[in-house]
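Student: I would like to go through the cavities and some strand pairing in this model.
Tutor: Then let us take the terms one at a time.

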Amino acid sequence: MGDWRPPRAPEALDAVVTVPGSKSLTNRYLVLAALADSESIIRGWLRSRDTELMVGALRSLGAEITESGDDLHVTPIDFTAGGEPVAIDCGLAGTVMRFVPPIAAATGREVVIDGDEQARARPMDVTIDSLTRLGASITAVDDSLPLTIHAGSELRGGHLEIAAGTSSQFVSGLLLAAAAMPLGLDLSNRGDSVPSRAHIDMTLEVLADAGVDVTEPEPEHWIVEPGLPRGLDVVVEPDLSNAAAFLAAALATGGTVTVPGWPAHTTQAGDDFRRIAEAFGAEVDLDRRGLRILGPQRLSPVDLDLSAVGELTPVVAALAALAPGTSHLRGIGHLRGHETDRLAALSAELGALGVEVDERPDALTITGARLRAGTWHTYHDHRMVMAGAVLALAAEDIVIEDVGTVAKTLPEFAGLWEAMLAAEA
């Protein structure tokens, strides 16, 4: 799509925005459906680059996945069938590069996994080491993509200790595949605490929903008993992390934005935006109609630990740049290993617009300022697009570079954003 100049906001928004399904849930449901003991239906799935890459990967490994309207019908992989060597493209999707290798190893086929150039810089050492210790034969250079899982690999399961302090996806990938291992999995994290804990909770919940016997007898020690998941018939919740950008527009303009269908109970990390909005001074109301946020007349600076909800950091940083005073965003060092080094990217781009940013190894201190016009570079990172759109609400002329990169999780973002600014609730 090229560069994009988002419209500036009216004085105060009054809009309703319907957000498509969750990427994180869609990809977890797809993995479990590919492993299940019977066919599955995934309703209201998110169509995005990340989810389409997951569909393509699972099809390559033998799952049959067909579309019917907004539903996906999944026939699971036959792990006794064998097959020819296959190549899988994981793009820049962390869920594909960390969730698919255990399944690939379980097929016994030769599988080559690669991705975008930026994906080759993302850490894969924990996945490679874990699968090797569980019985797989893997070749990789510098513990990164591309990697080859050799024919004849198998995953026995059993006891495994890992150091998963850089990404929750290492844990989720192993837990999702564990029920297909003959011995199940007794998994412990012995490194720094796993970041983005909400994503682990989501994995545990979808496993339990699929009939998998999974427990956490002590913090960061998980036991998954062997036994395939049962077939699923599920409706995917709205993507609450994608919704955060639209809700942030209410805060940035002192207006109102409502997202219908916000779940009363969820394990999505994006649900924490309710707490974050209140910290900035917003009024938050959740009822059967959805989540409604009324922004304050003046944003309050915040001091937030975002270690469990790091994916919200770019949008929160944008709001902090619009808030008079100094805000502190902590516990986010793991974001340096995401689609880009998000802390460095936010520091550079906010600084270029005239915002004072103190970048530390695991934190950003942001002092709000009147924004200058300029180009907001996105670093092939969908969350940077969303942060730039929030900033553009309050700036005279911000151009967002390469808006198409948002297709990773929400291809229709620009259209929804422009419709929100044009509509009345």
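Student: How do the residues of the lining of the largest cavity divide into nonpolar, polar and charged?
Tutor: This is a predicted model, in which local features need pLDDT of at least 70, side-chain atom pairs count only at pLDDT 80 or more, and totals for chains, interfaces and linings use all residues. Residues are numbered from 1 along each chain as its sequence is written, and side-chain values use heavy atoms, with hydrogens and water left out. The lining has 2 nonpolar, 6 polar and 3 charged residues. Ala, Val, Leu, Ile, Met, Phe, Trp, Tyr, Cys and Pro count as nonpolar, Asp, Glu, Lys and Arg as charged, and the others, Gly among them, as polar.

Student: What makes S22 and R383 lining residues of the largest cavity?
Tutor: A cavity is a set of points on a 1 Å grid over the protein atoms alone where a 1.4 Å probe fits but cannot get out, and lining residues have an atom within 4 Å of a point. S22 and R383 are among the residues that line the largest cavity.

Student: Why does the largest cavity lie between domain 1 and domain 2?
Tutor: Domain 1 (12-19 + 237-420) and domain 2 (22-233) both give residues to the lining, so the cavity lies between them. The domain bounds come from an automatic or database domain assignment.

Student: How do you know that β15 and β16 pair?
Tutor: Two strands pair if DSSP finds at least two bridges between them. Strand β15 (residues 283-287) and β16 have 5 bridges in the antiparallel sense, so by that definition they pair. Strands (E, at least two residues) are DSSP runs, numbered from the N terminus. L286 stands opposite L291 in β16.

How values were computed. 1 Å grid on protein atoms, 1.4 Å probe; cavity = no way out; pocket = protein on both sides within 12 Å on 5 of 7 lines; lining within 4 Å. Helix = DSSP H or I, 4+ residues; strand = E, 2+ residues; numbered from the N terminus.
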